[in-house]
Amino acid sequence: MDDVIGLIVILSLVVVAGSIAGLVALTKVSTLKQEVVLLKKQLQAVIAHKSSQQQAHSATQTVQSHVEPVQSQHVNVVKQQDAVITQTTVTGREKPSSPSAIDLFVNKLKTQFQQNWMTWIGGVALAFGGIFLAKYSLDAGLLSPTLRLTLGGLFGVTLIAGAEYLHRKGIVFEGFNNYVPAALAGGGFISCFALTLLAYSSYAMLSPTVAFVMLAIIALAASSMALRLGPLLAVLGIVGAYSVPIWVNTGSGNLVALLMYIGLVTLSAVLVAQKVKRPWLWYLLWAGHIGWYWVALSVIKPTQYWLVGGFALLSIIGLIAMMRLGLTLRLLEYRPHSLKRLLKLQPDHPLLLAIVVPLLITIVISMASVQWQIVLLCLIVMLLFLVLQNSRWDLWQGLALLIAVLLVVSQHAYHIDSHDHLFIFKNIYGLGLLLGIGFCLYGLYFGARYYKRLSFHLVAAFSMFTFIATLYTLTPAQDLAVAYSLWTVILLLGSGVLIKRAQAARTQWQQFSYWLGANANITLCLTMLLADSGLTLALAIQVLVISFLVKRHKVPMPHWPIKVLVAVVLTRLTFAPWVYDTDLTFLALHWSIVVYPIAIGLFWFAAKQWQQTEMKIWLEGAALHCLALFITTETSYQLVGHYPQLFSLSFYEQVLLSCNWLALGCVYLYRARTAGQLGKLYRTAGLSLSGLAGLLLINTTLHDNPLLVRLYVGETPLFNWLLFTWLAPSLLVAWLASLVKPLNVKLNQIVLLGSGLLAVLAINTLIRQYWQGGFIYLDKATSDAELYSYSIIWLILGALVVVAGHLKQQLLLQKVGLGILGAVIVKVFLIDMASLTGLLKAVSFIGLGLSLVGLSWLFQKLRSKTNHRDVLG
């Protein structure tokens with residue numbers, strides 16, 4: 001059935017190709033006929049024109065004298081119109097964007113297919129023909145299997161030989177160049193490839209080893225022939241060669257043979273890609289090589305670490321270094337490049353990461369061994385060497401430093417004898433110090449030689465800092481006392497060398513890097529002595545020192561490194577209350593009462609160094625965030641002896657947090673008005689803090705309300721917990737309403753309503769606390785004097801609100817004041833006077849009436865003054 005389908009496919013391709021060719025020919029013939037008829041008509045017109053030309057010569061001269069001015073005017077008008085149209089077109093349309101690399105590749109591929117589709121389809125048809133002929137001969141039993149396969153092989157070899165003959169004779173078909181020989185050769189190689197697979201898999205006529213070798217020879221032969229016949233055959237050779245291990249599995253599990261074969265294929269593919277000059281061939285060989293490399297990493301055994309590690313190193317040399325530097329790894333360039341240009345180097349960086357990152361992951365997952373350590377050391381040396389050959393690879397120094405740190409960390413599993421005071425020179429410690437000194441000397445030497453390349457200066461400045469900081473992090477606390485002295489001496493000596501080099505620096509960046517590295521070493525020395533809080537402050541001091549150096553030396557430093565450092569400090573300060581021990585002290589005081597104010601001051605002074613820049617706003621925001629942390633944590637600690645725990649807050653903690661977060665939310669929203677690009681971040685933070693404070697206030701009102709629950713609020717009138725429970729939040733919410741008004745009017749109205757409700761609660765509870773004392777829950781009896789005091793105070797407040805509304809000409813305030821007065825009147829009639837009799841009742845009504853009349857007279861007086869002022873205005 002397969003042979004019938006194959007024949008149908010081939011016939012269909014032939015019919016379609018013939019139909020298209022016939023249509024093309026028919027179109028060309030009809031076009032030629034139309035052109036011949038047109039030429040005949042033009043020839044007859046020319047003959048008739050010549051016969052009448054002499055007769056009309058005199059008349060033409062007469063008419064021409066009148067026509068020429070009109071024609072010249074017409075031409076001028078047409079030119080002006082064309083100029084206007086052209087100008088309109090140029091100004092009205094945007095300049096067309098240049099096509100991308102993918103579009104160019106697709107268009108080129110489309111053009112090639114349109115020009116050579118017959119040749120390609122012919123090659124594919126030949127290949128399928130060879131395959132189906134071989135399968136048909138085997139299934140039908142016409143000849144012996146050996147003879148059948150031999151004939152099929154001869155068919156493929158004949159196609160290859162024919163392609164070679166056409167190429168050597170230089171026979172070039174019109175419009176096809178060398179695509180015809182390449183198509184014939186491709187059909188021949190595919191036939192040989194398929195016949196070998198059939199002989200191995202279907203009929204067991206070949207052993208796995210013989211089949212593997214034959215398939216490899218066929219694929220490599222196709223790649224070799226592609227050097228002369230072009231990329232069409234190169235694709236076949238590369239894909240076929242990399243796919244051989246998939247088709248043939250010898251069952252031996254010999255990873256050495258597999259990687260040697262893949263390396264040989266890659267080497268031949270590199271030579272073919274360089275010769276053929278087709279960029280997309282590189283993508284094929286990269287995909288094949290790295291794909292098998294990943295497979296090797298997934299099935300690796302402990303005894304094969306050296307094998308896969310060596311293969312990774314050779315892969316970097318073959319796929320990246322040889323592609324850029326050639327077979328001899330010659331020096332390419334040493335001139336400096338900008339960071340933006342270094343980051344955009346393609347495809348070197350993705351290829352290197354595709355090789356190195358899986359290797360590092362495998363090393364981390366597997367147990368550390370001497371084999372991996374040797375591989376990592378060789379990788380570090382190779383990367384540092386390649387940096388010297390091509391300055392576009394300067395960023396690889398950072399990767400080498402990261403790999404060296406991983407090498408040091410991988411040694412942490414080895415046992416350390418803390419009783420031996422020489423342990424700081426052994427194992428992980430000795431390796432770390434050697435790597436740190438080696439990287440520092442490497443950066444200093446080549447930094448002096450290539451002083452314009454910043455990467456060398458950065459490596460020299462921060463290598464010792466990086467390795468000693470890593471060792472400090474990994475060392476147990478009981479062993480630090482022995483290591484402090486040695487590390488401090490090394491760091492201080494390194495700082496002295498860096499300062500000396502900074503004084504002799506030839507560029508600002510070089511000087512800045514060495515000063516920064518020296519400061520980092522000194523900061524680390526202080527950090528090791530100051531423990532956790534000291535590290536945070538040391539990093540904050542680093543921010544201030546960097547800002548000062550940038551301002552002093554006027555270095556055009558990008559802002560992102562400082563922003564990253566500030567973010568690290570803020571992260572440590574934000575999570576410190578929940579990470580550190582609550583009993584931790586600093587300078588004989590509780591750590592948060594010292595660390596937060598110092599951090600605020602450091603950030604504030606650092607912001608002063610960045611005038612009229614975005615960095616100033618960023619650092620001021622950092623200082624503001626530290627202030628928020630200080631207020632939030634320290635008030636809670638001083639109140640209850642520990643930092644706030646959000647899911648188990650007491651009544652007093654809720655009160656303080658709601659005030660703190662409301663105040664900070666308002667400050668953030670106010671700051672957002674002048675924060676520029678950071679305005680959105682400040683608004684988000686301000687609204688988030690205000691929302692959290694609102695949730696706390698709702699929880700306090702509904703659950704932990706001193707009116708509903710027996711809670712002690714203090715004995716002193718006015719200055720008690722009720723001041724922070726509702727009165728201070730009411731004022732803060734009113735401020736919040738004014739801040740959110742430009743953002744959302746409806747939200748402003750909702751916030752104003754919340755402020756009013758909080759004010760009502762605050763005033764009523766403060767009055768009740770005056771009469772009831774420390775406990776104000778409603779189950780306690782209410783005296784008549786307390787009831788009257790509510791009415792008197794609210795009557796005064798309502799009158800003041802109405803007066804303020806008249807003075808400010810705000811109708812809303814007037815309505816609120818009148819509402820308060822109406823509520824007071826209702827309360828007086830229904831509650832206050834309900835129990836009065838006799839003279840007291842009469843006096844009360846008289847007093848209320850006189851008060852209302854006096855207020856009415858005052859309102860009319862104010863209204864008349866307002867109207868008189870409006871008339872005069």
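The model is predicted, so local features need pLDDT of at least 70 and side-chain atom pairs count only at pLDDT 80 or more, while totals for chains, interfaces and linings use all residues. Residues are numbered from 1 along each chain as its sequence is written, and side-chain values use heavy atoms, with hydrogens and water left out.

Salt bridges were assigned by distance. A salt bridge is a side-chain nitrogen of Lys or Arg within 4 Å of a carboxyl oxygen of Asp or Glu. In general, side chains of opposite charge can pair when their charged atoms come close. The count under this rule is 6 salt bridges. One of them pairs Arg324 with Asp348, with the closest N and O atoms 2.7 Å apart. Arg324 belongs to helix α10 (residues 305-325) and Asp348 to helix α12 (residues 348-365), so this pair ties together parts that are 24 residues apart in sequence. Helices here are DSSP runs (H or I, at least four residues), as strands are (E, at least two), and they are numbered from the N terminus. Arg324 is partly exposed at 27% relative accessibility. Asp348 is buried, at a relative accessible area of 0%. Buried means under 20% relative accessible area, exposed means over 50%, and partly exposed lies in between (1.4 Å probe, protein chains only).

Another salt bridge joins Glu333 and Arg335. Their closest N and O atoms are 2.9 Å apart. Glu333 is buried, with a relative accessible area of 16%. Arg335 is partly exposed, at 46%.

Glu620 and Lys616 form a further salt bridge, with the closest N and O atoms 2.5 Å apart. Both residues lie in helix α21 (residues 614-640), 4 residues apart, and are separated by about one helical turn. An α-helix has 3.6 residues a turn, so residues three or four places apart point the same way. Glu620 is partly exposed, at 23% relative accessibility. The pair also belongs to a network of salt bridges that links Lys616, Glu620 and Arg671.

Two elements give two or more residues to the patch: α11 (339-343) and α19 (560-579). The largest share, 3 residues, comes from α19. Leu339 is in helix α11 and is partly exposed, with a relative accessible area of 41%.

A disulfide is a pair of cysteine sulfur atoms within 2.5 Å. The search of the whole structure finds 0. Cys440 is buried, at 14% relative accessibility. Cys525 is buried too, with a relative accessible area of 7%.

Helix α16 (residues 454-474) has 21 residues. From its first C-alpha to its last, α16 reaches 30 Å, close to the 30 Å expected at 1.5 Å a residue. The expected span is 1.5 Å times one less than the number of residues. Helix α16 bends by about 45 degrees at Phe462. The bend at a residue is the angle between axes fitted to the seven residues ending there and the seven starting there.

Gly496 sits in helix α17 (residues 480-503). Gly496 is partly exposed, with a relative accessible area of 37%. Gly496 and Trp515 are 19 residues apart in sequence, and their C-alpha atoms are 10.0 Å apart in space.

Several backbone features fall in loops. Most residues other than glycine have a negative phi, and most peptide bonds are trans. A cis peptide bond joins Gln346 and Pro347, with omega about 0 degrees. Pro347 is in the loop between α11 and α12. Leu329, in the loop between α10 and α11, has a positive phi near 55 degrees. Leu718 also has a positive phi, about 70 degrees. Leu718 lies in the loop between α23 (679-702) and α24 (721-740), and is partly exposed at a relative accessible area of 43%.
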